[in-house]
Amino acid sequence: MSLFTNTPYRIISTHNTVEVRKNISNQQNALFSLCTFIPGDVISDFSAGTISPTPTYLTIQIDVEKHISLQPTYLQYTNHSCNPNVFFNTTTFQLIAIKELNIGDELVFFYPSTEWKMTQPFDCYCGSVQCIGTIAGASVLSDAILHQYTFTDFIQTQLANKKLAKKVA
């Protein structure tokens, strides 16, 4: 049983300020905070382990045909939520707290904040009151949803290009 939640977890690995845990009931790995963070705090620096022209479910998009695997690799266990508390800044290559995090909080980010088109869209069951349902990437989000989230510089450029293309058409 986790010390911090009612969900039973098994500790997989510990890394300074975060810990990878496996949910015993569904076998899903997740990343949890081992200390407190306030909005704007850098949780971790990261780099590209590999760069690929095509996405996978473990990569983060940094350009049209550039998708990186995360180093350190434990960051890949930062799961999706429509109510994110962290943001992958792909310009500074830092994982940033965007909400207060306490010891034992799961680190979650909004997948479309880094992905233009998801290679494997999925139905979200995050349970947030702001859950958007199907997660397919920033390219399909409505203006109302777009205004609720922070996006990487790459995604912001793609959104601006999309808006410009609509004006020209």
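Reader: Which residues line the second largest pocket?
Author: This is a predicted model, where local features need pLDDT of at least 70, side-chain atom pairs count only at pLDDT 80 or more, and totals for chains, interfaces and linings use all residues. Numbering starts from 1 along each chain as its sequence is written, and side-chain values use heavy atoms, with hydrogens and water left out. A pocket is an open set of points on a 1 Å grid over the protein atoms alone where a 1.4 Å probe fits, with protein on both sides within 12 Å along at least five of seven lines, and lining residues have an atom within 4 Å of a point. Here the lining is Ser 139, Val 140, Leu 141, Asp 143, Leu 146, His 147, Gln 156, Leu 159, Ala 160, Lys 162, Lys 163 and Lys 166.

Reader: Which element gives that lining its largest share?
Author: Two helices (DSSP runs of H or I, at least four residues; strands are E, at least two) each give two or more residues, namely α1 (143-146) and α2 (153-168). The largest share, 6 residues, comes from α2.

Reader: What kind of aromatic pair do Phe 88 and Phe 109 form?
Author: Rings of Phe, Tyr and Trp (its six-membered ring) pair if their centres lie within 6.5 Å, and planes under 30 degrees apart count as stacked, over 60 as edge-to-face and the rest as tilted. That rule gives 8 aromatic pairs. With 4.8 Å centre to centre and 75° between the planes, Phe 88 and Phe 109 are edge-to-face.

Reader: Is Phe 109 buried or exposed?
Author: The cut-offs are under 20% relative accessible area for buried, over 50% for exposed and partly exposed in between (1.4 Å probe, protein chains only). Because its relative accessibility is 6%, Phe 109 is buried.

Reader: Which residue forms a tilted pair with Phe 109?
Author: Look for 4.9 Å centre to centre and 40° between the planes. Phe 109 and its partner are both buried, and that partner is Tyr 111.

Reader: Which residues do ring pairs link into a cluster?
Author: Phe 88 and Phe 109 are in it, and so is Tyr 111.
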